[in-house]
Amino acid sequence: MHVETRKVGDTIVQISGTGSPLVFVHGFTTTAEFWREQVEAFSSRYRVIRINLPGHGVSPRPEGRSYTIAAFTDDIMAVYRALEFDESILIGLSMGGTVAQSFTLSHPEHVRALVLVGATPHGLGADVDVDNVLEAIDELGVVQASQHVIERSFGSSASRELVEFARQEVAQTPAFVAREAIASLNVSDSRARLHDIRVPTLIVVGNEDIITPPAESVALSKGIPVSRLEIMSDAGHFPMLEQPQAFNRILESFLEDCDDRFSRSSGEGLSRQAL
């Protein structure tokens with residue numbers, strides 16, 4: 001599988017496959033590699049675009065910019081422009097789900113469908129207190145603090161190898177990025193505007209997710225008019241990594257429904273749309 005790497009501003013983007021774009025956005029202190037199980041599964045039909053948000057993973061982390069939900073929303077728009085596409089199916093994990101909601105509300109014409117994984121309409125789940133996270137960064141350092149959150153994020157069936165992979169990935173985010181990002185995430189609130197998200201939306205959450213519990217996804221599904229909620233068994237905060245085959249089947253079914261919807265409205269299949 002050929003993967004092209006491009007730098008767009010302060011964002012490193014990984015691109016594979018051809019077809020209509022699927023844009024994947026990761027969560028707080030995680031990386032584009034958290035979508036690794038979706039690359040081969042979807043690159044045969046779609047242009048898979050995995051974004052490493054600024055300050056995360058291998059992306060630059062200049063100190064003179066913002067690391068907020070609003071800034072990340074602008075970064076996604078820059079990727080659209082650089083890769084020269086007008087619409088995508090936008091897929092966000094956790095904080096990436098908050099960014100994806102923000103982008104959809106700000107630029108509805110650029111989102112054909114939306115997928116929210118382990119996301120919330122407001123801040124963080126009740127089990128993750130932002131003040132405790134910031135205090136842990138002060139006392140333990142950002143690497144250990146992030147790794148403690150990661151270890152609590154997986155469901156009971158996750159392998160030690162998978163948890164260790166995640167531990168190594170989150171160690172790349174510096175403290176000043178983590179601080180600003182989690183503070184912005186904590187105050188983000190789309191509850192009053194969920195009804196303005198008019199695109200088909202898939203909402204996925206693991207039944208063992210304590211970071212963004214299923215109740216948060218239920219709230220999203222109740223607020224977004226055209227939405228489908230899937231609660232996955234034997235998975236925590238990262239169902240696309242913990243149960244990749246089951247997750248990919250759910251996503252594929254949703255994409256096929258979007259294909260059918262687009263075909264009925266325009267006579268052209270979504271995944272075959274010319275870019």
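A residue counts as buried when its relative accessible area is under 20%, as exposed when it is over 50%, and as partly exposed in between (1.4 Å probe, protein chains only). S94 is therefore buried, at 13% relative accessibility. The model is predicted: local features need pLDDT of at least 70, side-chain atom pairs count only at pLDDT 80 or more, and totals for chains, interfaces and linings use all residues. Residues are numbered from 1 along each chain as its sequence is written, and side-chain values use heavy atoms, with hydrogens and water left out.

S94 sits in the loop between β5 and α3 (95–106). Helices (H or I, at least four residues) and strands (E, at least two) are DSSP runs, numbered from the N terminus. S94 is not a glycine, yet its phi is positive, at about 55 degrees. E84 is likewise not a glycine and has a positive phi, of about 60 degrees. This glutamate is found in the loop between α2 and β5 (88–93). E84 counts as exposed because its relative accessibility is 67%.

S94 also belongs to the lining of the largest cavity. On a 1 Å grid over the protein atoms alone, a cavity is a set of points where a 1.4 Å probe fits but cannot get out; a pocket is an open set with protein on both sides within 12 Å along at least five of seven lines; lining residues have an atom within 4 Å of a point. Grid points are joined across faces, edges and corners, and a volume is the space filled by probe spheres set on the points. Three cavities of 30 Å³ or more are present in the structure. The largest has a volume of about 210 Å³. Its lining comprises 21 residues, and F28, S94, V149, I211 and H237 lie nearest the centre. Two elements, α5 and α7, each give two or more residues to this lining. The top contributor is α5, with four residues. By class, 12 lining residues are nonpolar, nine are polar and none is charged. Here Ala, Val, Leu, Ile, Met, Phe, Trp, Tyr, Cys and Pro count as nonpolar, Asp, Glu, Lys and Arg as charged, and the others, Gly among them, as polar.

The largest pocket holds about 150 Å³ of space. It is lined by 11 residues, with N132, V133, A136, V149 and R152 closest to its centre. Helices α4 (130–140) and α5 (142–153) are the elements that give two or more residues to the pocket lining. Six of the lining residues are nonpolar, two are polar and three are charged.

Helix α5 has 12 residues. From first C-alpha to last, α5 reaches 16 Å, close to the 16 Å expected at 1.5 Å a residue. The expected span is 1.5 Å times one less than the number of residues in the helix. Buried positions in α5 are V142, A145, S146, Q147, I150 and S153. Their cover includes α4, α6 (160–170), α7 (175–187) and α9 (239–242).

T173 lies in the loop between α6 and α7. Its relative accessible area is 2%, so T173 is buried. Contact means heavy atoms within 4.5 Å. Residues up to four places away in sequence aside, T173 touches T29, G55, H56, G57, V142 and A178.

The largest nonpolar core has 48 residues, of which I49, L90 and M95 touch the most other members. A nonpolar core is a set of buried Ala, Val, Leu, Ile, Met, Phe, Trp, Tyr and Cys residues joined through side-chain atoms within 4.5 Å. Helix α2 (residues 69–83) supplies the largest share of this core, seven residues. Another core, of 33 residues, lies apart from it and includes F34, V170, V204 and F254. M95 touches H26, G27, F28, L53, H56, I69, F72, A181 and L185, not counting residues up to four places away in sequence.

Strand β8 (residues 227–232) contains E230. E230 counts as partly exposed because its relative accessibility is 26%. Beyond four places in sequence, E230 is in contact with L202, I203, V204, V205 and I250. V3 lies in the segment before β1 (4–8). V3 is also partly exposed, at 32% relative accessibility. Residues up to four places away in sequence aside, V3 touches Q14, I15, S16 and R50.
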